[in-house]
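Let's take a walk through this one together. Have the viewer open and follow along.

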Amino acid sequence: MQRQTHLLTLPEQPYFILPESVGVYCDYPEHEVMRDAGALNNFSIHIVVSGKGYVRTESGQQELTQGQAVLYFPQAAQQYGSSKDDPWEVRWIHFYGGRLRDFMVERGFHQNLLWKLRQPAGWLEAHQALLEEAEASSMTRPALLSTLAYGVLAEFVQQAVPLGSPSASPAEERILSLLPRLEEEAAKPFVLQEWAERAGVSTHYFCRLFKGALDMTPSEFVTRARLQRAKQRLLERREANIGEIALEAGYPSASYFNKRFQEHEGMTPTEYRKLFRG
């Protein structure tokens, strides 16, 4: 099964990123691609959803399985394909933009060809949204296509680690699975020992794994979740005073809430509320 949409390349366009094509191959053991260097002037990402495939590199042929990916820079030679015995479902996007090379190089994505996603679900959801929009509207809504393509790229940038990096441990997976609940309960007092026990690890190991997975401490995550909720409440509940908003967000002290809010937003909660008086 092939499902793909190809879009017109726009040489002059105001967007950071645009998709040239997006699609999915499934149950197609004959899928095989060979492109010489210089043949394709787009970035491309292919991520394996299920089954197996391969990529040929300078060091030989590398098997790709679920959650693994190949990222090609423009002008790169490409050779990859599906396993004949266990055909892959592979989702892909070809994309371009004038400043993309600097963006990708600054983040070190030129250093590796093969990658894996720590949590593929977000990327797959973003890719599906882009695929459906491309099929529905083609180039009639380029701004939306650009937005959705950036979502696909942003999920990749956030989740991709070089293939061969240590895999997430079961404990790290448990911590990641706790994030929605931790965000939901952020207004409650944060007790590190309780969350470490939910993950089945010591408090020290919990903090270490959390930092490694999200590049922030558990306390920083809770603070962000609280302030995110507070920003919304400031505008939704204009009749509530700042002390009430602080309590709802998990801060017993309005003064401490004001301090943390200003650290993140560069203004007090009252000043922020005044900006949106509509």
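How many nonpolar, polar and charged residues does the lining of the largest pocket have, by class? The lining has 7 nonpolar, 7 polar and 7 charged residues, where Ala, Val, Leu, Ile, Met, Phe, Trp, Tyr, Cys and Pro count as nonpolar, Asp, Glu, Lys and Arg as charged, and the others, Gly among them, as polar.

Before going further, some ground rules. What you see is a predicted model, in which local features need pLDDT of at least 70 and side-chain atom pairs count only at pLDDT 80 or more, while totals for chains, interfaces and linings use all residues. Residues are numbered from 1 along each chain as its sequence is written, and side-chain values use heavy atoms, with hydrogens and water left out.

Now the overall picture. The secondary structure of the protein chain comes to 10 helices and 11 strands; these are DSSP runs numbered from the N terminus, with helices being H or I of at least four residues and strands E of at least two. Along the principal axes, the C-alpha atoms fill a box of roughly 65 × 45 × 30 Å. Of the 278 residues in the protein chain, 43% are buried. Buried here means under 20% relative accessible area, exposed means over 50%, and partly exposed is in between (1.4 Å probe, protein chains only). As for contacts (heavy atoms within 4.5 Å), take those in the protein chain with a separation of 6 or more: residues 24 or more positions apart account for 73% of them.

Back to the pocket. Rolling a probe the size of a water molecule over the atoms shows where empty space is left. On a 1 Å grid over the protein atoms alone, a pocket is an open set of points where a 1.4 Å probe fits, with protein on both sides within 12 Å along at least five of seven lines, and lining residues have an atom within 4 Å of a point. The largest pocket holds about 500 Å³ of space, a volume being the space filled by probe spheres set on the points, which are joined across faces, edges and corners. There are 21 lining residues, and the closest to the centre of the largest pocket are Gln-158, Leu-214, Met-216, Phe-221 and Arg-224. Two or more lining residues come from each of α3 (142–159), α4, α6, α7 and α9 (254–265), and α7 gives the most, with 6 residues.

One of those contributors, α6, deserves a stop. Helix α6 (residues 203–214) has 12 residues and reaches 16 Å from its first C-alpha to its last, close to the 16 Å expected at 1.5 Å a residue; the expected span is 1.5 Å times one less than the number of residues. Which residues of α6 are buried? They are Phe-206, Leu-209, Phe-210 and Ala-213. These cover an arc of only 105 degrees around the axis, which puts them on the same side of α6; the arc is that of the directions from the helix axis to the C-beta atoms. His-204, Arg-208 and Gly-212, on the other side of α6, are exposed. The buried residues of α6 pack against α4 (170–184), α5 (192–199) and α7 (218–236).

Helix α5 has a buried face too. Trp-195, Ala-196 and Ala-199 are its buried residues, and they fall within an arc of 100 degrees seen down the axis of α5, so they line one face of the helix. Among what covers them are α4 and α6. After α5 comes Gly-200, with a positive phi near 75 degrees.

Asp-215, which follows α6, sits in the loop between α6 and α7. Asp-215 has a positive phi of about 60 degrees although it is not a glycine, and it is exposed, with a relative accessible area of 62%. Gln-75 also has a positive phi, near 75 degrees, in a residue other than glycine. Look for Gln-75 in the loop between β7 (68–72) and β8 (78–82), where it is partly exposed at a relative accessible area of 38%.

Ser-138 lies between α2 (120–137) and α3 and counts as partly exposed at 35% relative accessibility. Not counting residues up to four places away in sequence, Ser-138 touches Leu-7, Glu-133 and Leu-145. Pro-252, in the loop between α8 (242–249) and α9, is exposed, with a relative accessible area of 75%. Pro-252 and Pro-189 are 63 residues apart along the chain, with their C-alpha atoms separated by 9.9 Å.
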